[in-house]
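Dear colleague,

I am passing on a structure for you to look at, and below it you will find what turned up when it was examined. Please keep it open while you read.

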Amino acid sequence: ADEVQHVAAPSEWPDIIAGLPLDGVVSALGTTIKAAGSQAAMWAIDHDLVVSVAKAARSAGALRCIAVSSVSANPSAANFYMRMKGTAEKSLQSLNFDRLDILRPGLLIGDREGPFRLGESLAMRISPFVDPLMHGNMSRYRSIRADAVAAAIVALMEQEGDGTHILHHDEIMGLV
């Protein structure tokens, strides 16, 4: 099959997606507060763009959605980031995909483009020592390689069944 690549401003993505024949959609969209410049600008990407792309895919016939969220996503959280991610998840659930897989990784480990982020860099360096200490319910907070998350997404594309599935560290790693 011929591969077609659409290059457009994010504001045009929903219209482009709505016009494509789709079985499903994968969303790993996200930014940082530093890159976005404000909470409102971050919300526009991590919530609004995620949801508008999923809505467009749903209207194009997509029956499944796979979305990368965050380990502590919660629409009622006091923390802005966790509330934003939880609200996005809730919005995705309201779109009634036949199957919705939400991946909630902990700290993503791997090469990063863009400006140096001290806190994240330090967390990546100590995670090999801290991760083994996290057992039971705490294991969901373990760091995870970005390529492992990507491999889990590929594996999920082959999964059958309906419903909403929330996957944390151990479930994600079980797919790799």
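**The second largest pocket**

In this predicted model, the second largest pocket has a lining of 16 residues, and those that lie nearest its centre are Ile17, Gly24, Val25, Val26 and Val53. The space inside this pocket comes to about 480 Å³.

Which elements supply the lining of the second largest pocket with at least two residues each? They are α1, which covers residues 13-18, together with the strands β1 (24-27) and β2 (64-68). Of these, β1 gives the largest share, namely four residues of the lining. When the lining residues are sorted by class, 12 of them are nonpolar, while three are polar and one is charged.

**The chain around it**

The protein chain has 176 residues, and 36% of them are buried. If you consider the contacts between residues at least 6 apart in sequence, you will find that 73% of these join residues at least 24 apart. As for the surface, the protein chain exposes about 10200 Å², and 56% of that area is supplied by carbon and sulfur atoms.

When you go back to the structure, you might begin with β1 and its four residues in the pocket lining, and then look for α1 and β2, which also supply at least two lining residues each.

With best wishes

Notes: Residues numbered from 1 in each chain as written. Predicted model: local features only at pLDDT ≥ 70, side-chain atom pairs only at ≥ 80, totals over all residues. Heavy atoms only, no water. Buried < 20%, exposed > 50% of the residue type's maximum accessible area, 1.4 Å probe, protein only. Contact = heavy atoms within 4.5 Å. Areas by Shrake-Rupley, 256 points an atom, 1.4 Å probe, with all protein chains shown as cover. 1 Å grid on protein atoms, 1.4 Å probe; cavity = no way out; pocket = protein on both sides within 12 Å on 5 of 7 lines; lining within 4 Å. Points joined across faces, edges and corners; volume = space filled by probe spheres on them. Nonpolar A, V, L, I, M, F, W, Y, C, P; charged D, E, K, R; others polar.
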